[in-house]
Amino acid sequence: MNHLGVDVGGSGVKGALVDTSTGELVGERVRIATPQPATPGAVAGVVASLSACWPPGAEGVEPSFGCTVPGVVKGGLIRTAANIDSQWLGCDAAALYGEAAGRPCRVINDADAAGLAEMRFGAGKDRPGTVAMVTLGTGIGTSLFVDGMLVPNTELGHLEMDGRDAELLASGAVRDVEHLGWKDWAKRVDRYLCHFNRLVWPDLLILGGGVSRKADKFLHYLKVEVEVVPARLRNEAGIIGAALLASGAAAPVV
Ligand code: BGC
């Protein structure tokens, strides 16, 4: 089955058709710049344009699609907006995207989607026990799996560190904004991961987000006492996870 997956990020909205039995993209990925301000209506317009690239009637394209949101999602409703326009609070994103695109839509937190994809096809494949994924991007996203079953909306990127929100100290974006070298940034990430580890005690920790492509630059600085591996699906994990959700084959994944 081929489902459309859409990943909504701070700078780009990316979509692709995904063969949900293999996790492979079917054809090209399409990216449209995230509108600014990224209000629900403006993002829905972009999602509709992406949806039109793989219309539901087309051969080999399932009608329903999945879409990520960088916030807590409960029953399709957006409940937090740490890094997104506050108009998203309380918005029924599933209904909004579904109406804009003219086809059924399911929505999921972006880190949860990336985790689903990594558990099914990537670094967490066949890994039982407690597996955590931490995405280091604009914010810090987390997803948690117990024997392959997702515990949704964990939001552990907002743990407190030095009296501040951890994502304001150690996200991927902070490295750019504060012009931190890999070592200095990795020290902050390590402190965050140690804090995380003391509270969650995962058996495996998968590091994702844009920086996972550059794992060789900072992984060796981490001292946290848990097995840490980079995500394998790179910036396609969100798309693949969203498509998995749409296919109904999201859980359990081990
Ligand atoms: C949000 C999370 C999201 C993460 C990554 C955080 O600020 O609260 O829901 O997963 O950013 O986008």
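Predicted model: local features only at pLDDT ≥ 70, side-chain atom pairs only at ≥ 80, totals over all residues.
Local features need pLDDT of at least 70 and side-chain atom pairs count only at pLDDT 80 or more, while totals for chains, interfaces and linings use all residues. Residues are numbered from 1 along each chain as its sequence is written, and side-chain values use heavy atoms, with hydrogens and water left out.

**View 1. Salt bridge between Asp162 and Arg191.** The structure holds five salt bridges, a salt bridge being a side-chain nitrogen of Lys or Arg within 4 Å of a carboxyl oxygen of Asp or Glu. In this one, the closest N and O atoms are 2.8 Å apart. Asp162 sits in the loop between strand E11 (160-161) and strand E12 (164-165), and Arg191 in helix H6 (residues 182-200), so the pair ties together parts that are 29 residues apart in sequence. Helices (H or I, at least four residues) and strands (E, at least two) are DSSP runs, numbered from the N terminus. Asp162 is exposed, at 55% relative accessible area, and Arg191 is partly exposed, at 44%. Buried means under 20% relative accessible area, exposed over 50%, and partly exposed in between (1.4 Å probe, protein chains only).

**View 2. Salt bridge between Lys125 and Asp126.** The two side chains meet with an N to O distance of 3.7 Å. Asp126 is exposed, with a relative accessibility of 58%. Lys125 is partly exposed, at 43% relative accessible area.

**View 3. Salt bridge between Arg175 and Asp176.** Here the N to O distance between the side chains is 3.7 Å. Arg175 counts as buried, at 15% relative accessibility, whereas Asp176 is partly exposed, at 47%.
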